[in-house]
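Q: Please go through the labels used for this model, and say what each one rests on.

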Amino acid sequence: MIQEIKGLHHVTSLASDAVENNAFFANVLGLRRVKKTVNFDAPDVYHLYYGDAAGTPGSVMTYFPFVGLNRGRAGTGEVSMTRFSVPPGAIGFWKERFSTLGLQGLKEDRLFGENRLCFHGPDGDPFALVESAGDERTGWTGNVRNDVAIRGFHSASMRLRDDGRTNELLTFMGYQQSDEADGVKRFQIAGGNGADIIDVETAPGSTNSEQGSGSVHHIAFAVENRAAQLEVRQALMDTGYQVTPVIDRDYFWAIYFRTPGGVLFEIATNEPGFDRDEDTAHLGEALKLPTQYEHLRARLEQHLQPLVA
Ligand code: ZN
């Protein structure tokens, strides 16, 4: 078992429209856009990051908005829901806000003893807010009050055809099963960053998911630094996983590997962070380009849709 993983780092999903995506996360959910950059493999596509004031690992929802991308199809082998943590008593505020705005998929229920409000993002993305007592993290209050603001991720849920080897993997990564209800196993990591929970749902009869807009592309787990990342990489490879070399993502270093259930995992460092190339007061405002694409700046600024919020 390894001890370097500290909970979720970020969740990266696919969208079909950058302007709509930005408006939803910044205005509706009240997250701070902490970085406006482009996809490393497709520089004519944005990579947008939303989170708390600093983009603290465990709070960062990121998107690749491919204009006009077809909707994904829900199924097995994917992250089936991403959940954000809100203070106890906050769901009433959000329910009213979401109803007024006509959000789809609104449903209030309880999961593992906590109040939950399910809703869909602009591309049908399955999300929920969970009232979580004892979450000491501070939310971004640019657009919503502190007593209701999103604190960061509460959890992510995976839907798998067969959970056996994924459960083993999570245990190897330092998670422990803490609960089980309605066919969902809850795994929790001790000493994490607050985004400490992964739920695993088994759906043996379901068809495979198909990635498209509204789908999660991958989930990333946090490690403190590059030394810890190298230890995790070695430990995973010793266990038989095929792991990519370390890749510089400008705001963190990343390694990736495919899990037995089909979900793409990343291990990302907490260093150097989103303030490495712009002042904390102005995070996410300017278009930041990876060095290798700087020569394309004029063309990309022309091509990428301007973001209003
Ligand atoms: Zn990532």
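A: Helices (H or I, at least four residues) and strands (E, at least two) are DSSP runs, numbered from the N terminus. This is a predicted model, in which local features need pLDDT of at least 70, side-chain atom pairs count only at pLDDT 80 or more, and totals for chains, interfaces and linings use all residues. Residues are numbered from 1 along each chain as its sequence is written, and side-chain values use heavy atoms, with hydrogens and water left out.

Q: Where is Asp182 placed in terms of strands?
A: Asp182 lies in the loop that runs between strand S10 (175-181) and strand S11 (184-189), and Asp182 has a positive phi of about 50° although it is not a glycine.

Q: Why is Asp182 called exposed?
A: Exposed means over 50% relative accessible area, buried under 20%, and partly exposed in between (1.4 Å probe, protein chains only); Asp182 has 80% relative accessibility and therefore counts as exposed.

Q: What makes His10, His218 and Glu266 donors of the zinc ion?
A: Donors are N, O and S atoms within 2.8 Å of the metal (3.2 Å for Na, K and Ca), and because water is not among the atoms, sites may look incomplete. The zinc ion is coordinated by His10 (NE2), His218 (NE2) and Glu266 (OE) at 1.9 to 2.0 Å. Of these, His10 in strand S1 (residues 5-15) and Glu266 in strand S16 link distant parts of the chain, 256 residues apart.
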